[in-house]
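Please look over the structure shown here before reading on. The paragraphs after it lead you through a few of its features.

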Amino acid sequence: MQPRTPLLLCVLLSQVLLLTSAEDLDCTPGFQQKVFHINQPAQFIEDQAILNLTFSDCKGNNKLHYEVSSPYFKVNNDGSLVALKNITAVGKTLFVHARTPHAEDMAELMIVGGKDIQGSLQDIFKFARTSPVPRQKRSIVVSPILIPENQRQPFPRDVGKVVDSDRPEGSKFRLTGKGVDQEPKGIFRINENTGSVSVTRTLDRETIATYQLFVETTDVNGKTLEGPVPLEVIVIDQNDNRPIFREGPYIGHVMEGSPTGTMVMRMTAFDADDPATDNALLRYNIRQQTPDKPSPNMFYIDPEKGDIVTVVSPALLDRETLENPKYELIIEAQDMAGLDVGLTGTATATIMIDDKNDHSPKFTRKEFQATVEEGVVGVIVNLTVEDKDDPSTGAWRAAYTIINGNPGQSFEIHTNPQTNEGMLSVVKPLDYEISAFHTLLIKVENEDPLVPDVSYGPSSTATVHITVLDVNEGPVFYPDPMMVTRQENISVGSVLLTVNATDPDSLQHQTIRYSVYKDPAGWLNINPINGTVDTTAVLDRESPFVHNSVYTALFLAIDSGNPPATGTGTLLITLEDVNDNAPFIYPTVAEVCDDAKNLSVVILGASDKDLHPNTDPFKFEIHKQAVPDKVWKVSKINNTHALVSLLQNLNKANYHLPIMVTDSGKPPMTNITDLRVQVCSCKNSKVDCNAAGALHFSVTSVLFMSLFSLACL
């Protein structure tokens, strides 16, 4: 073992300085020997003295109390260090802390050959490495003060002493720093006359681990004479914090069949005690495993790292044979390196045994039967499979494929996500007369690929036998729709066509009768035996039942089955136009002022229900036999409009002008319509037509409407 020279030298140096500076004192408080070396024995024997310690507070050692860093040792009142029970190893270092109301000190026991099983308290004495007592000559001598946390009453209690060998008469000690005159204030104080340092309350290392104080001497006026000199107070850790698991919930996953030693998860706990001591040195173990089958020790936890690994063979880690694929482990973390005196904390680790696709799906039967009526679509049979894998994974979910017997793509198969069954459906109606039987070969696979050592076998395919039932199907018209073209106004009784309907049930030898189903205008008749369609009325292309020159009628074909089946056929009759509608004019009323300078009366438009070329251009004329030639005039504007004007002003009255309009059909058709013209009195922007027959339309209005009609055509 390497000697701990820096620590020992610093401790000894501080004591030497104390003795040197206080050589005029009769007694030096503390241990008379600070460091001891003993060889590691084969065993420390219970109650057998290991060594004797000598401590003095220079005031009679009243209420002397010892504390040992290891829970397996104690110091008797006479100073003898003994073991509490037989023990073979305690580590490399022990510390003994002694205190009375007047003094406090620490001794170190170094065990030569001891194993490093507990944290060294060397880090507690960082002051010994980083802040050694200065060697320059001065009269104020201080030693670091060590105070265990969680001390009980009474308070205040002396924890150390400052010595000033050259302190002038009447001078006083003054203590400053965090814990004195800085927050948290009032924890420490010093006897201004004797230099004794005391603590006033319990300390908590986890709140503040060290206090950096300063000591100085002052005169009666408070002026500093010497200092400030640093005084470090170190709070010694006590095991007062349990390990805590702070990162839960802890859930781990491991694939079934994983090799022994597979890492599952890591569990780490936190201990607020000093990490340089055994108080925060944690060890982990599994306290309980639920369920405890097939082995009570399915997992192992690394006591130092907290890593949980599998310890059973891959064969036992089989999700399909486990009682429950979920395990719950009670994990315990214990400080003091796992010794019995350590504090513990627990947490639950949940470990899921994840499924892998090591079982192929298998049909529950080699053959399945299904029956379906011809002409029907939908699900006809559910194919059942078994799979031992986890139902929540792709290793269990089935995917079905029709591999033979479906050339017309009349069948489809889908997976029921709840039951994993294969739902076989007819998607194109089947025809009994074409085929009464179908045989399908279907295979099933998983969504996830199988593991390398597992394959799909014969049980992963099945045969489905489908029987198609014959039903009485309705006759079918051919073609459908049926189309003919005829001129309108053909004579009644004209034959349009003979419909043709056949019965799909060719094996049943049934007869067919025909009837009219929908004939909106009532123009048609059908022979019920041979299907001949003729007219019962004149066909009119301009009828409201005709749309875009096409008339639509529906016919029924009814077979002799029991019950009878019906088929529907559509007849589309395209009607060719003939010139059977005379044109008509608009408007038929006009106004004009009796003193108008513009003798235009009205613009006339013409319209015809027929189609071109049986419509415009129209010819507008005045029926001359009824009116004088020297009064009215009709002038062509375009193919559909003409202007009526006066050749002279007329008296206020109503006039009837016969207008003859002729279309361009062959032969043409003519229509004569009376145009009523009112000659009105128009004075001071007022139109008076009373004398003309109670019409009140101005010539301007009539002209405007006529022009508007012209523009809209």
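What follows takes up a sheet, a cavity, some salt bridges and some backbone details.

This is a predicted model, in which local features need pLDDT of at least 70, side-chain atom pairs count only at pLDDT 80 or more, and totals for chains, interfaces and linings use all residues. Residues are numbered from 1 along each chain as its sequence is written, and side-chain values use heavy atoms, with hydrogens and water left out.

Start with a sheet. Strands here are DSSP runs of E with at least two residues, numbered from the N terminus. Two strands count as paired if DSSP finds at least two bridges between them. Four strands make up an open sheet, in the order β2-β9-β8-β5. Their pairing is mixed. In general, strands of a sheet pair through backbone hydrogen bonds, either parallel or antiparallel. Which strands stand at the edges? They are β2 (35–39) and β5 (65–68). Each has a single partner strand, so one side of each is left without a neighbour in the sheet. On average, neighbouring strands of this sheet are turned by 20° against each other, direction ignored. The axes behind such angles are lines fitted to C-alpha atoms, and angles run from 0 to 180 degrees between N-to-C directions. β2 and β9 run parallel and are joined by five bridges. N39 stands opposite V112 in β9.

Now turn to the cavities. A cavity is a set of points on a 1 Å grid over the protein atoms alone where a 1.4 Å probe fits but cannot get out; its lining residues have an atom within 4 Å of a point. Grid points are joined across faces, edges and corners, and the volume is the space filled by probe spheres set on the points. The count comes to two cavities of 30 Å³ or more. Which residues line the second largest cavity? They are F36, L51, L53, L81, L94, V96, A107, E108 and L109. β8 (93–99) and β9 (104–112) each supply at least two residues of this lining. β9 gives the most, with three residues. By class, the lining has eight nonpolar, no polar and one charged residues. In this scheme Ala, Val, Leu, Ile, Met, Phe, Trp, Tyr, Cys and Pro are nonpolar, Asp, Glu, Lys and Arg are charged, and the others, Gly among them, are polar.

Next come the charged pairs. Side chains of opposite charge can pair when their charged atoms come close. A salt bridge is a side-chain nitrogen of Lys or Arg within 4 Å of a carboxyl oxygen of Asp or Glu. The whole structure has 17 salt bridges. One of them joins the side chains of E216 and R174, at 3.0 Å from N to O. This pair links distant parts of the chain: E216 is in strand β17 (residues 210–218) and R174 in strand β14 (residues 172–177), 42 residues apart. E216 is buried at 9%, while R174 is partly exposed at 31%.

A salt bridge also joins E332 and R287, at 2.4 Å from N to O. E332 lies in strand β24 (residues 326–334) and R287 in strand β21 (residues 283–290), so the pair ties together parts that are 45 residues apart in sequence. E332 is buried, with a relative accessible area of 8%. R287 is exposed, at 52%. Elsewhere, salt bridges that share partners join R205, E206 and D237 into one network. Within it, the closest N and O atoms of R205 and E206 are 3.1 Å apart. R205 counts as buried at 11%, and E206 is partly exposed at 25%.

Finally, check the backbone. Most residues other than glycine have a negative phi, and most peptide bonds are trans. The peptide bond from K293 to P294 is cis, with omega near 5°. P294 sits in the loop between β21 and β22 (299–301). Y478 and P479 are also joined by a cis peptide bond, with omega about -5°. P479 lies in the loop between β35 (476–477) and β36 (482–487).

N61 is not a glycine, yet its phi is positive, about 55°. N61 lies in the loop between β4 (55–56) and β5. N61 is partly exposed, with a relative accessible area of 22%. N489 has a positive phi too, near 70°. N489 lies in the loop between β36 and β37 (495–498), and is partly exposed at 34%.

Conventions
On a 1 Å grid over the protein atoms alone, a cavity is a set of points where a 1.4 Å probe fits but cannot get out, and a pocket is an open set with protein on both sides within 12 Å along at least five of seven lines; lining residues have an atom within 4 Å of a point. Buried means under 20% relative accessible area, exposed over 50%, partly exposed in between (1.4 Å probe, protein chains only).
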